[in-house]
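Here is a briefing on charged side-chain pairs. Look at the model first, then read on.

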Amino acid sequence: MTFPVYLPLGPVLMHPHWVFETLSYAIGFRLYLWRRARAGDVLSTGDRWWVITAAIVGAALGSKVLYWLGDPVQAWQHRTDVLYLMAGESIVGGLIGGLWAVEWTKHRLRITRATGDLFAMPLAVGIAIGRIGCFLSGLGDHTHGLPTMLPWGVDFGDGIARHPTQLYELIWLFMLAAWLHGLSRRAHQEGDVFKAFRIGLGLHR
Amino acid sequence: MRLHGVGKGVVLGLMLHLLQIPLASLTYTTSLWVIGLSQLVYMVPAVLTCRWKRRPDEVKGLLIVAALTFLLNAACFGLFVMASNFGWIRIAG
């Protein structure tokens, strides 16, 4: 296997990261709609769309800001280089930014109830699907693990077998999604499922 | 969940992205590389217009399209730049 593993779409070879990130948003959203139809919602449709919009916009900004803060010296040195500044993002930054934006929006709309339970399982599945793209992108994605002698170590193209940490996270996230789905079907306090998602993600990281 | 107003905003946002074609020819494709930023040229006026016309659902749709475009651009931009530097970008056929 040669990394990155390009995916053919007609005559064009698509970069796996773009393909799987797009898929993750689409599938995550469909799962959310399915969960909402089955479980109902504590919010009106209008308010829910504001919460969704805030989550996406907050995630976009948070993912970028935390990416810059991950290496602030480099970011400062390249502060006038648009090409550098536009590259890269952080999943944790996306989650923090999304959470902050949702809480701010809820405050403005005077919503006091917990609203994250419907997002928990779709988020876990979405991140897992995105990780397939990270794995197929290889070394350029910088999400691989440390070198290893274990038999399942993956050579991403530089002759060194490394832990496929993207696949570890993918397996963990699918297990987490299954657990969250089971949890949401049982009697629970409002907000517990999203708390469980955050704890599950934190435990893995 | 009804998509009416929000769906209209999403479709409007996607159609506005067609403006990237003339933008790309004006900027020698640079605007496409930074579509997350260059989209502000038409997204900001569109959002302000919808707000002014009191169409909050369309504002939401436009913001969702703009944020997803920014995310996808940020995620893939670095990889594409790296790919082009190392000759990884290939078009089959």
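Asp158(A) is partly exposed at 33% relative accessible area (buried is under 20%, exposed over 50%, partly exposed in between; 1.4 Å probe, protein chains only). Its partner in a salt bridge is Arg162(A), at 2.4 Å from N to O (a side-chain nitrogen of Lys or Arg within 4 Å of a carboxyl oxygen of Asp or Glu). The model is predicted: local features need pLDDT of at least 70, side-chain atom pairs count only at pLDDT 80 or more, and totals for chains, interfaces and linings use all residues. Residues are numbered from 1 along each chain as its sequence is written, chains are lettered from A in the order in which they are written, and side-chain values use heavy atoms, without hydrogens and water.

**Chain A**
- Arg162(A) is buried, with 12% relative accessibility.
- A network of salt bridges links Arg36(A), Asp41(A) and Arg48(A).

**Chain B: Lys8 and Glu58**
- Lys8(B) and Glu58(B) form a salt bridge, with 4.0 Å between the closest N and O atoms.
- Lys8(B) sits in helix H1 (residues 4–16) and Glu58(B) in helix H6 (residues 56–85), so the pair ties together parts 50 residues apart in sequence (helices are DSSP runs of H or I, at least four residues, numbered from the N terminus).
- Lys8(B) is exposed at 54%, whereas Glu58(B) is buried at 10%.

**Chain B: Lys60 and Asp57**
- The salt bridge between Lys60(B) and Asp57(B) has its closest N and O atoms 2.9 Å apart.
- Both residues lie in helix H6 of chain B, three residues or about one helical turn apart.
- Lys60(B) is buried at 2%; Asp57(B) is partly exposed at 32%.

**Total**
- Over all chains, the structure holds eleven salt bridges.

How values were computed: Helix = DSSP H or I, 4+ residues; strand = E, 2+ residues; numbered from the N terminus.
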